[in-house]
Amino acid sequence: MATIRIDGLTKTYATPRGPVNAVDRVSFEVADGETCVLLGPSGCGKTTTLRMINRLVTPTSGKVLIDGRDTDAADPVLLRRTIGYVIQQIGLFPNMTVAGNIGVVPRLLGWDARRIRSRAAELLTMLAMEPKDFLDRYPGELSGGQAQRVGVARALAADPPVLLMDEPFGALDPVNREAIQDEFLRMQHALKKTVLFVSHDIDEAVKMADSIAIFRAGLLEQHAAPDVLLSRPANDFVAGFVGSDRTLKRLRLIQAGEVMVTDLRGPAPGAPTVRATDDLRRVATLFLEHGVESLVCVDDGGNVVGHISRAAVAARLGSARP
Ligand code: ADP
Ligand code: MG
(Lines give C-alpha, C1' and ligand atoms only; values in the text may rest on other atoms or scores of the structure.)
(Ligands and ions follow the chains in the order given, each with its own letter.)
Protein backbone atom coordinates (compact mmCIF):
# COMPACT_ATOMS: atom_id res chain seq x y z
CA MET A 1 0.00 0.00 0.00
CA ALA A 2 1.30 3.42 -0.86
CA THR A 3 -0.16 6.72 -1.88
CA ILE A 4 2.22 9.44 -2.95
CA ARG A 5 1.53 13.12 -2.42
CA ILE A 6 3.82 15.72 -3.91
CA ASP A 7 3.28 19.14 -2.47
CA GLY A 8 4.87 22.31 -3.84
CA LEU A 9 7.99 20.39 -4.81
CA THR A 10 10.79 22.62 -6.10
CA LYS A 11 14.42 22.09 -7.09
CA THR A 12 16.52 25.12 -7.86
CA TYR A 13 19.99 24.78 -9.37
CA ALA A 14 22.58 27.55 -9.41
CA THR A 15 23.80 28.11 -12.97
CA PRO A 16 26.15 30.70 -14.52
CA ARG A 17 22.99 32.48 -15.71
CA GLY A 18 21.58 32.54 -12.18
CA PRO A 19 19.23 30.16 -10.36
CA VAL A 20 17.06 27.85 -12.50
CA ASN A 21 14.03 25.95 -11.25
CA ALA A 22 14.42 22.45 -12.68
CA VAL A 23 11.15 21.61 -10.88
CA ASP A 24 8.88 24.47 -9.94
CA ARG A 25 6.18 24.17 -7.23
CA VAL A 26 4.83 20.88 -8.51
CA SER A 27 1.88 19.29 -6.68
CA PHE A 28 -0.01 16.11 -7.48
CA GLU A 29 -1.12 12.81 -5.99
CA VAL A 30 -0.84 9.23 -7.10
CA ALA A 31 -3.34 6.81 -5.59
CA ASP A 32 -2.35 3.42 -4.23
CA GLY A 33 -1.77 0.87 -6.97
CA GLU A 34 -1.92 3.38 -9.81
CA THR A 35 0.59 4.19 -12.51
CA CYS A 36 1.30 7.87 -13.10
CA VAL A 37 3.36 8.69 -16.19
CA LEU A 38 5.48 11.85 -16.01
CA LEU A 39 5.52 13.10 -19.57
CA GLY A 40 7.22 16.00 -21.31
CA PRO A 41 10.10 17.10 -23.50
CA SER A 42 13.75 16.64 -22.55
CA GLY A 43 14.87 18.90 -19.71
CA CYS A 44 11.37 19.60 -18.31
CA GLY A 45 12.14 18.16 -14.86
CA LYS A 46 10.87 14.57 -15.01
CA THR A 47 14.04 12.87 -13.74
CA THR A 48 14.60 15.50 -11.07
CA THR A 49 11.05 14.98 -9.79
CA LEU A 50 11.56 11.21 -9.67
CA ARG A 51 14.89 11.51 -7.86
CA MET A 52 13.40 13.80 -5.23
CA ILE A 53 10.93 11.02 -4.38
CA ASN A 54 13.70 8.59 -3.39
CA ARG A 55 15.89 11.44 -2.12
CA LEU A 56 18.70 10.96 -4.60
CA VAL A 57 18.06 14.69 -5.10
CA THR A 58 17.23 16.87 -2.09
CA PRO A 59 14.33 19.24 -2.73
CA THR A 60 14.95 22.96 -2.38
CA SER A 61 11.43 23.29 -0.99
CA GLY A 62 8.17 21.39 -0.89
CA LYS A 63 7.35 17.91 0.33
CA VAL A 64 6.98 14.31 -0.75
CA LEU A 65 4.57 12.33 1.42
CA ILE A 66 4.27 8.55 1.13
CA ASP A 67 1.20 7.30 2.95
CA GLY A 68 1.01 10.70 4.59
CA ARG A 69 4.54 10.51 6.00
CA ASP A 70 7.04 13.18 5.03
CA THR A 71 9.98 11.41 3.36
CA ASP A 72 12.24 14.18 4.67
CA ALA A 73 11.97 12.54 8.09
CA ALA A 74 12.97 9.07 6.83
CA ASP A 75 16.47 7.58 6.70
CA PRO A 76 17.26 7.86 2.95
CA VAL A 77 18.86 4.40 2.84
CA LEU A 78 15.86 2.71 4.44
CA LEU A 79 13.51 4.81 2.30
CA ARG A 80 15.18 3.57 -0.88
CA ARG A 81 14.66 -0.04 0.13
CA THR A 82 10.92 0.55 -0.02
CA ILE A 83 11.15 2.22 -3.43
CA GLY A 84 12.21 0.23 -6.50
CA TYR A 85 14.09 2.24 -9.12
CA VAL A 86 14.58 1.36 -12.79
CA ILE A 87 16.64 3.53 -15.11
CA GLN A 88 17.12 3.44 -18.84
CA GLN A 89 20.82 2.67 -18.59
CA ILE A 90 19.81 -0.27 -16.36
CA GLY A 91 23.05 -0.29 -14.39
CA LEU A 92 23.27 -4.06 -13.88
CA PHE A 93 26.43 -5.14 -12.08
CA PRO A 94 28.46 -6.78 -14.87
CA ASN A 95 30.37 -9.12 -12.58
CA MET A 96 27.22 -10.53 -10.96
CA THR A 97 24.87 -13.09 -12.49
CA VAL A 98 21.24 -12.30 -13.18
CA ALA A 99 20.31 -14.01 -9.89
CA GLY A 100 22.97 -11.98 -8.10
CA ASN A 101 21.72 -8.73 -9.61
CA ILE A 102 18.11 -9.42 -8.71
CA GLY A 103 19.18 -10.40 -5.21
CA VAL A 104 21.01 -7.19 -4.32
CA VAL A 105 18.36 -5.68 -2.05
CA PRO A 106 17.14 -8.99 -0.60
CA ARG A 107 20.76 -9.74 0.44
CA LEU A 108 20.91 -6.38 2.20
CA LEU A 109 17.71 -7.36 3.97
CA GLY A 110 19.25 -10.64 5.09
CA TRP A 111 17.12 -13.08 3.10
CA ASP A 112 18.58 -16.58 2.82
CA ALA A 113 20.03 -17.77 -0.48
CA ARG A 114 17.18 -20.17 -1.32
CA ARG A 115 14.53 -17.54 -0.83
CA ILE A 116 16.46 -15.05 -2.98
CA ARG A 117 16.89 -17.55 -5.81
CA SER A 118 13.26 -18.56 -5.77
CA ARG A 119 12.18 -14.90 -5.77
CA ALA A 120 14.47 -14.21 -8.74
CA ALA A 121 13.02 -17.19 -10.60
CA GLU A 122 9.47 -16.01 -9.85
CA LEU A 123 10.16 -12.52 -11.19
CA LEU A 124 11.90 -13.79 -14.33
CA THR A 125 8.92 -16.02 -15.06
CA MET A 126 6.56 -13.05 -14.72
CA LEU A 127 8.71 -11.21 -17.25
CA ALA A 128 8.63 -14.09 -19.75
CA MET A 129 12.23 -15.22 -19.15
CA GLU A 130 12.88 -18.90 -18.43
CA PRO A 131 14.65 -18.98 -15.03
CA LYS A 132 16.84 -22.01 -15.77
CA ASP A 133 18.16 -20.33 -18.92
CA PHE A 134 18.86 -16.97 -17.34
CA LEU A 135 19.50 -17.11 -13.57
CA ASP A 136 23.20 -17.89 -13.96
CA ARG A 137 23.99 -15.71 -16.98
CA TYR A 138 25.99 -12.51 -16.76
CA PRO A 139 24.62 -9.17 -18.04
CA GLY A 140 27.04 -9.30 -21.00
CA GLU A 141 25.17 -12.39 -22.22
CA LEU A 142 21.77 -10.65 -22.40
CA SER A 143 20.02 -8.69 -25.16
CA GLY A 144 18.94 -5.13 -24.42
CA GLY A 145 15.36 -6.22 -23.77
CA GLN A 146 16.44 -9.06 -21.49
CA ALA A 147 18.76 -6.76 -19.52
CA GLN A 148 15.91 -4.27 -19.11
CA ARG A 149 13.64 -7.05 -17.81
CA VAL A 150 16.32 -7.97 -15.26
CA GLY A 151 16.45 -4.28 -14.26
CA VAL A 152 12.71 -4.38 -13.59
CA ALA A 153 13.01 -7.66 -11.69
CA ARG A 154 15.80 -6.24 -9.54
CA ALA A 155 13.69 -3.19 -8.65
CA LEU A 156 10.80 -5.45 -7.63
CA ALA A 157 12.86 -8.08 -5.77
CA ALA A 158 12.06 -7.05 -2.21
CA ASP A 159 8.44 -6.28 -3.14
CA PRO A 160 8.59 -2.50 -2.58
CA PRO A 161 5.21 -0.76 -2.57
CA VAL A 162 6.55 2.06 -4.78
CA LEU A 163 8.30 1.72 -8.13
CA LEU A 164 10.04 4.58 -9.95
CA MET A 165 10.89 3.98 -13.61
CA ASP A 166 12.89 6.51 -15.63
CA GLU A 167 12.39 5.95 -19.38
CA PRO A 168 12.83 2.24 -18.69
CA PHE A 169 12.10 1.02 -22.21
CA GLY A 170 13.40 4.03 -24.13
CA ALA A 171 16.47 2.31 -25.59
CA LEU A 172 14.58 -0.68 -27.01
CA ASP A 173 13.45 -1.17 -30.59
CA PRO A 174 9.68 -0.83 -31.16
CA VAL A 175 8.91 -4.57 -31.22
CA ASN A 176 10.81 -5.35 -28.00
CA ARG A 177 9.37 -2.25 -26.44
CA GLU A 178 5.77 -3.31 -27.10
CA ALA A 179 6.53 -6.76 -25.67
CA ILE A 180 8.06 -5.51 -22.43
CA GLN A 181 5.30 -2.89 -22.03
CA ASP A 182 2.70 -5.67 -22.33
CA GLU A 183 4.54 -7.84 -19.81
CA PHE A 184 4.87 -4.95 -17.43
CA LEU A 185 1.16 -4.15 -17.70
CA ARG A 186 0.26 -7.77 -16.99
CA MET A 187 2.61 -7.85 -14.02
CA GLN A 188 1.36 -4.53 -12.67
CA HIS A 189 -2.20 -5.81 -12.94
CA ALA A 190 -1.26 -8.55 -10.47
CA LEU A 191 1.17 -6.63 -8.23
CA LYS A 192 -0.59 -3.23 -8.09
CA LYS A 193 2.47 -1.21 -7.16
CA THR A 194 2.25 2.56 -6.99
CA VAL A 195 4.31 3.47 -10.05
CA LEU A 196 5.83 6.72 -11.29
CA PHE A 197 6.96 6.16 -14.84
CA VAL A 198 8.91 8.75 -16.83
CA SER A 199 8.42 8.88 -20.58
CA HIS A 200 8.69 11.38 -23.40
CA ASP A 201 6.44 9.29 -25.62
CA ILE A 202 2.71 10.08 -25.61
CA ASP A 203 1.80 6.67 -27.03
CA GLU A 204 3.67 4.89 -24.26
CA ALA A 205 2.06 7.19 -21.69
CA VAL A 206 -1.46 6.53 -22.97
CA LYS A 207 -0.79 2.80 -22.94
CA MET A 208 0.77 2.55 -19.48
CA ALA A 209 -0.87 5.29 -17.39
CA ASP A 210 -3.80 5.55 -15.04
CA SER A 211 -2.91 9.24 -14.97
CA ILE A 212 -0.50 11.42 -16.93
CA ALA A 213 1.38 14.39 -15.45
CA ILE A 214 2.59 16.57 -18.29
CA PHE A 215 5.50 18.93 -17.60
CA ARG A 216 6.96 21.96 -19.33
CA ALA A 217 10.10 23.72 -18.08
CA GLY A 218 9.68 22.47 -14.51
CA LEU A 219 5.97 23.29 -14.32
CA LEU A 220 3.18 20.73 -14.16
CA GLU A 221 0.81 21.73 -16.97
CA GLN A 222 -1.89 19.09 -16.46
CA HIS A 223 -2.42 15.94 -14.40
CA ALA A 224 -5.35 13.85 -15.60
CA ALA A 225 -6.49 10.44 -16.77
CA PRO A 226 -5.32 9.74 -20.34
CA ASP A 227 -8.80 10.03 -21.79
CA VAL A 228 -9.31 13.42 -20.12
CA LEU A 229 -5.89 14.69 -21.21
CA LEU A 230 -6.57 13.66 -24.80
CA SER A 231 -10.15 14.93 -24.94
CA ARG A 232 -9.69 18.10 -22.88
CA PRO A 233 -6.07 19.29 -22.97
CA ALA A 234 -5.65 22.13 -20.47
CA ASN A 235 -3.81 24.46 -22.87
CA ASP A 236 -2.11 24.74 -26.26
CA PHE A 237 1.13 23.23 -24.99
CA VAL A 238 -0.61 20.06 -23.84
CA ALA A 239 -2.69 19.89 -27.03
CA GLY A 240 0.47 20.27 -29.11
CA PHE A 241 2.33 17.66 -27.11
CA VAL A 242 -0.40 15.03 -27.32
CA GLY A 243 -0.71 15.62 -31.07
CA SER A 244 -3.38 16.40 -33.64
CA ASP A 245 -4.38 12.71 -33.78
CA ARG A 246 -5.48 12.71 -30.16
CA THR A 247 -8.94 11.40 -31.04
CA LEU A 248 -7.31 8.37 -32.66
CA LYS A 249 -5.18 7.86 -29.58
CA ARG A 250 -8.31 7.75 -27.43
CA LEU A 251 -9.61 4.75 -29.36
CA ARG A 252 -7.32 2.36 -27.52
CA LEU A 253 -8.58 3.59 -24.13
CA ILE A 254 -12.22 2.71 -24.67
CA GLN A 255 -13.58 -0.84 -24.79
CA ALA A 256 -16.33 -1.95 -27.15
CA GLY A 257 -18.41 -3.02 -24.14
CA GLU A 258 -18.55 0.60 -22.96
CA VAL A 259 -20.41 1.80 -26.06
CA MET A 260 -22.46 -1.35 -26.60
CA VAL A 261 -26.25 -1.34 -26.42
CA THR A 262 -27.69 -4.48 -24.83
CA ASP A 263 -30.25 -5.14 -27.53
CA LEU A 264 -29.98 -8.55 -29.09
CA ARG A 265 -32.30 -7.71 -32.00
CA GLY A 266 -30.15 -4.77 -33.13
CA PRO A 267 -27.81 -5.47 -36.02
CA ALA A 268 -28.53 -6.90 -39.42
CA PRO A 269 -27.66 -10.58 -39.92
CA GLY A 270 -24.10 -11.02 -41.04
CA ALA A 271 -22.84 -7.77 -39.45
CA PRO A 272 -19.17 -7.98 -38.42
CA THR A 273 -18.39 -9.07 -34.86
CA VAL A 274 -16.26 -7.56 -32.11
CA ARG A 275 -15.61 -8.74 -28.58
CA ALA A 276 -16.77 -6.57 -25.68
CA THR A 277 -13.16 -6.44 -24.49
CA ASP A 278 -11.78 -5.21 -27.84
CA ASP A 279 -10.87 -1.53 -27.88
CA LEU A 280 -12.33 1.02 -30.26
CA ARG A 281 -9.37 0.74 -32.65
CA ARG A 282 -10.80 -2.61 -33.75
CA VAL A 283 -14.36 -1.22 -33.78
CA ALA A 284 -13.34 1.75 -35.94
CA THR A 285 -11.39 -0.51 -38.29
CA LEU A 286 -14.43 -2.74 -38.83
CA PHE A 287 -16.73 0.22 -39.48
CA LEU A 288 -14.30 1.51 -42.10
CA GLU A 289 -13.59 -1.89 -43.70
CA HIS A 290 -17.20 -3.00 -43.96
CA GLY A 291 -19.00 0.30 -44.41
CA VAL A 292 -21.73 -0.77 -41.95
CA GLU A 293 -23.73 1.23 -39.38
CA SER A 294 -23.56 -1.33 -36.59
CA LEU A 295 -21.54 -4.27 -35.30
CA VAL A 296 -22.44 -7.34 -33.27
CA CYS A 297 -20.77 -7.50 -29.88
CA VAL A 298 -19.96 -10.90 -28.36
CA ASP A 299 -18.49 -12.06 -25.06
CA ASP A 300 -15.29 -14.08 -24.83
CA GLY A 301 -17.34 -17.27 -25.31
CA GLY A 302 -18.70 -15.96 -28.62
CA ASN A 303 -22.24 -15.34 -27.33
CA VAL A 304 -24.00 -12.25 -28.69
CA VAL A 305 -24.32 -9.67 -25.90
CA GLY A 306 -25.39 -6.54 -27.80
CA HIS A 307 -24.55 -4.25 -30.66
CA ILE A 308 -22.57 -1.11 -31.34
CA SER A 309 -23.67 1.72 -33.61
CA ARG A 310 -21.47 4.34 -35.26
CA ALA A 311 -23.55 7.00 -33.52
CA ALA A 312 -22.77 5.54 -30.08
CA VAL A 313 -19.04 5.56 -30.85
CA ALA A 314 -19.21 9.16 -32.06
CA ALA A 315 -21.14 10.19 -28.94
CA ARG A 316 -18.59 8.50 -26.66
CA LEU A 317 -15.69 10.25 -28.41
CA GLY A 318 -17.51 13.56 -28.00
CA SER A 319 -17.35 13.27 -24.23
CA ALA A 320 -14.71 12.39 -21.65
CA ARG A 321 -15.58 10.28 -18.68
CA PRO A 322 -12.84 10.50 -16.09
P1 ADP B 1 14.16 15.53 -17.88
O2 ADP B 1 14.34 14.27 -17.09
O3 ADP B 1 12.74 15.95 -17.99
O4 ADP B 1 14.80 15.45 -19.23
P5 ADP B 1 15.80 16.74 -15.80
O6 ADP B 1 14.97 16.59 -14.59
O7 ADP B 1 16.93 15.80 -15.95
O8 ADP B 1 14.88 16.72 -17.10
O9 ADP B 1 16.39 18.20 -15.83
C10 ADP B 1 15.59 19.35 -15.65
C11 ADP B 1 16.45 20.61 -15.78
O12 ADP B 1 17.35 20.69 -14.68
C13 ADP B 1 17.30 20.64 -17.04
O14 ADP B 1 17.31 21.97 -17.52
C15 ADP B 1 18.66 20.23 -16.53
O16 ADP B 1 19.67 20.79 -17.34
C17 ADP B 1 18.67 20.80 -15.14
N18 ADP B 1 19.52 20.02 -14.21
C19 ADP B 1 19.34 18.72 -13.88
N20 ADP B 1 20.26 18.31 -13.01
C21 ADP B 1 21.07 19.38 -12.79
C22 ADP B 1 22.24 19.62 -11.96
N23 ADP B 1 22.73 18.65 -11.17
N24 ADP B 1 22.77 20.85 -11.99
C25 ADP B 1 22.26 21.84 -12.74
N26 ADP B 1 21.17 21.69 -13.54
C27 ADP B 1 20.59 20.48 -13.55
MG1 MG C 1 15.28 12.50 -17.66
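Predicted model: local features only at pLDDT ≥ 70, side-chain atom pairs only at ≥ 80, totals over all residues.

Residues are numbered from 1 along each chain as its sequence is written, chains are lettered from A and ligands numbered from 1 in the order in which they are written, and side-chain values use heavy atoms, with hydrogens and water left out.

**The sheet**

Select β1, β2, β4 and β5, which form an open sheet of 4 strands in the order β2-β1-β4-β5 with antiparallel pairing. Strands (E, at least two residues) and helices (H or I, at least four) are DSSP runs numbered from the N terminus, and two strands pair if DSSP finds at least two bridges between them. β2 (18-30) and β5 (69-70) stand at the edges with a single partner strand each, so one side of each has no neighbour in the sheet.

Begin with β1 and β2, which are joined by 9 bridges and run antiparallel. They form a hairpin with 2 residues between them, and T12 stands opposite N21 in β2. Next, move to the pairing of β1 (residues 4-15) with β4, antiparallel over 5 bridges; here I6 stands opposite V64 in β4. Finally, β4 (residues 61-66) pairs with β5 over 2 bridges, again in the antiparallel sense, and L65 faces D70 in β5.

**Helix α1**

Select residues 46-53. Of the 8 residues of helix α1, 6 are buried, so the helix is largely enclosed by the rest of the structure. Buried means under 20% relative accessible area, exposed over 50%, and partly exposed in between (1.4 Å probe, protein chains only). The buried residues are K46, T48, T49, L50, M52 and I53. Just after α1, R55 takes a positive phi of about 65°.

**Helix α5**

Select residues 113-126. The 14 residues of α5 should span 20 Å at 1.5 Å a residue, and the end C-alpha atoms are 20 Å apart, which agrees; the expected span is 1.5 Å times one less than the number of residues. I116, R119, A120, A121, L123 and L124 are buried. The buried residues of α5 pack against α3 (98-102), α4 (104-108), α6 (131-134) and α7 (144-156). Just after α5, A128 has a positive phi of about 65°.

**Aromatic rings**

The structure holds 3 aromatic pairs. Rings of Phe, Tyr and Trp (its six-membered ring) pair if their centres lie within 6.5 Å; planes under 30 degrees apart count as stacked, over 60 as edge-to-face and the rest as tilted. Select F169 and F197, an edge-to-face pair at 5.8 Å centre to centre with 65° between the planes. F169 lies in the loop between β7 (162-166) and α8 (174-191) and F197 in strand β8 (residues 194-199), so the pair ties together parts 28 residues apart in sequence. F169 counts as buried at 0% relative accessibility, and F197 is buried, also with 0%.

**Strand β9**

What does S211 touch, not counting residues up to four places away in sequence? S211 is found in β9 (residues 211-216) and counts as buried at 10% relative accessibility. It touches T35, C36, V37, H223, A224, A225 and P226, where contact means heavy atoms within 4.5 Å.
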